[in-house]
Amino acid sequence: AQSVLFVLAAGFNVWFLAGLRGYLLRAEGGTGTLSATAFAAGVVAVAVATLLHAPQIALATRASGDLTPDLAGMVSDLGFVLSMIAFVPQAVMLAAVAAVALRTGVLPTWLGWLSAVGAVVHVIGWFGVGAGDGPLAPGGWFTYVPYTLLLIWLASVTTVMVVRLGRATGSRDVAAVRAH
């Protein structure tokens with residue numbers, strides 16, 4: 001059920017990324033290379049993160065059938081590896097958001113730095129793909145840090161965007177948000 005809900009939520013994630021791209025682009029100006037990079041990398045991360053649920057759904061559909069422990073372990077490992085692969089484009093997206101935020105002030109400075117830290121944490125998390133044991137290994141304590149940080153980041157960015165755009169009711173206010 002969790003995987004099915006996550007796959008359904010992917011559409012909302014893409015919608016958020018499109019809104020984030022527009023929000024960043026207004027501040028970045030020009031060709032919007034960083035805004036486009038954040039959007040594209042975010043979409044790739046959502047796609048890979050959505051695909052990582054396929055092994056879990058496949059396991060659930062075979063739960064009452066013939067499923068050897070080796071096959072179940074391999075399918076579970078596939079899901080973990082896909083989650084680690086998703087960390088790479090997620091790191092690129094967070095780095096691009098950090099660059100725009102810290103350069104333009106479109107997001108509070110603390111949120112720009114949280115984006116930068118999130119990018120680094122996701123890169124570190126990627127190295128869990130080769131870890132046999134320890135904090136980066138499947139189920140190790142560090143494997144939960146990127147997800148927790150991303151949830152905090154997502155809630156913070158969404159709140160800031162809604163509050164700042166909500167304040168922009170008049171044309172002068174809209175121009176101020178665009179200039180910010």
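Modeller: Start with α4. The helix has 36 residues, and 53 Å separates its first C-alpha from its last, close to the 52 Å expected at 1.5 Å a residue. Keep in mind that this is a predicted model.

Colleague: How many helices and how many strands does the protein have?

Modeller: It has seven helices and zero strands. Read from the N terminus, the order of elements is α-α-α-α-α-α-α. The C-alpha trace spans about 65 × 30 × 25 Å along its principal axes.

Colleague: Now α1. How does its reach compare with the span expected at 1.5 Å a residue?

Modeller: Helix α1 covers residues 2–28, which is 27 residues. Its reach from first C-alpha to last is 37 Å, close to the expected 39 Å.

Colleague: Where is the kink in α1 centred?

Modeller: On A10, with a kink of about 30 degrees. The angle is taken between axes fitted to the seven residues ending at a residue and the seven starting there. A10 is also one of the buried residues of α1. Others include F16, L17, L20 and Y23. Just after α1, G29 has a positive phi of about 70 degrees.

Colleague: Take L5 in helix α1. What makes L5 count as buried or exposed?

Modeller: The cut-off for exposed is over 50% relative accessible area. L5 has 58% relative accessibility, so L5 counts as exposed.

Colleague: What does the side chain of S115 reach at 2.9 Å?

Modeller: The backbone oxygen of L111. A polar contact needs N or O atoms within 3.5 Å. The 2.9 Å distance from the S115 side chain to that oxygen falls within the limit.

Colleague: Let us move to the loop between α5 and α6, where A137 has its place. How do you know whether A137 is buried or exposed?

Modeller: The relative accessible area of A137 is 4%. That is under 20%, so A137 is buried. Not counting residues up to four places away in sequence, A137 touches F80, A131, G132 and T143. A137 and L154 are 17 residues apart in sequence, and their C-alpha atoms are 25 Å apart.

Colleague: T143 lies in that loop too. What makes T143 buried?

Modeller: Its relative accessible area is 8%, under the 20% cut-off, so T143 is buried. The T143 side chain reaches the backbone oxygen of G140 at 2.6 Å. That distance is within 3.5 Å. Leaving aside neighbours within four places in sequence, T143 contacts F80, P135, L136 and A137.

Colleague: Which residues touch the most other members of the largest nonpolar core?

Modeller: They are L20, M93, V97, L107, W153 and V157, in a core of 28 residues. The elements giving two or more residues to this core are α1, α2, α4, α5 and α6. The largest share, seven residues, comes from α1.

Colleague: Which residues does V157 contact, leaving aside neighbours within four places in sequence?

Modeller: F16, L20, L107 and L111. There is also a second, separate core of five residues, which includes A49, L52, L82 and A86.

Colleague: What share of the whole protein counts as buried?

Modeller: Of the 180 residues, 37%. The accessible surface comes to about 9,700 Å², and 71% of that belongs to carbon and sulfur atoms.

Colleague: Among contacts between residues at least 6 apart in sequence, what share joins residues at least 24 apart?

Modeller: The share is 72%.

Terms used. Residues are numbered from 1 along each chain as its sequence is written. This is a predicted model: local features need pLDDT of at least 70, side-chain atom pairs count only at pLDDT 80 or more; totals for chains, interfaces and linings use all residues. Side-chain values use heavy atoms; hydrogens and water are left out. A polar contact is a pair of N or O atoms within 3.5 Å; within protein, one must be able to donate a hydrogen and the other to accept it, and residues adjacent in sequence count only if both atoms are side-chain atoms. Helices (H or I, at least four residues) and strands (E, at least two) are DSSP runs, numbered from the N terminus. The expected span of a helix is 1.5 Å times one less than its number of residues. Buried means under 20% relative accessible area, exposed over 50%, partly exposed in between (1.4 Å probe, protein chains only). Contact means heavy atoms within 4.5 Å. Accessible areas come from the Shrake-Rupley method with a 1.4 Å probe; for residues, only the protein chains shown count as cover. A nonpolar core is a set of buried Ala, Val, Leu, Ile, Met, Phe, Trp, Tyr and Cys residues joined through side-chain atoms within 4.5 Å.
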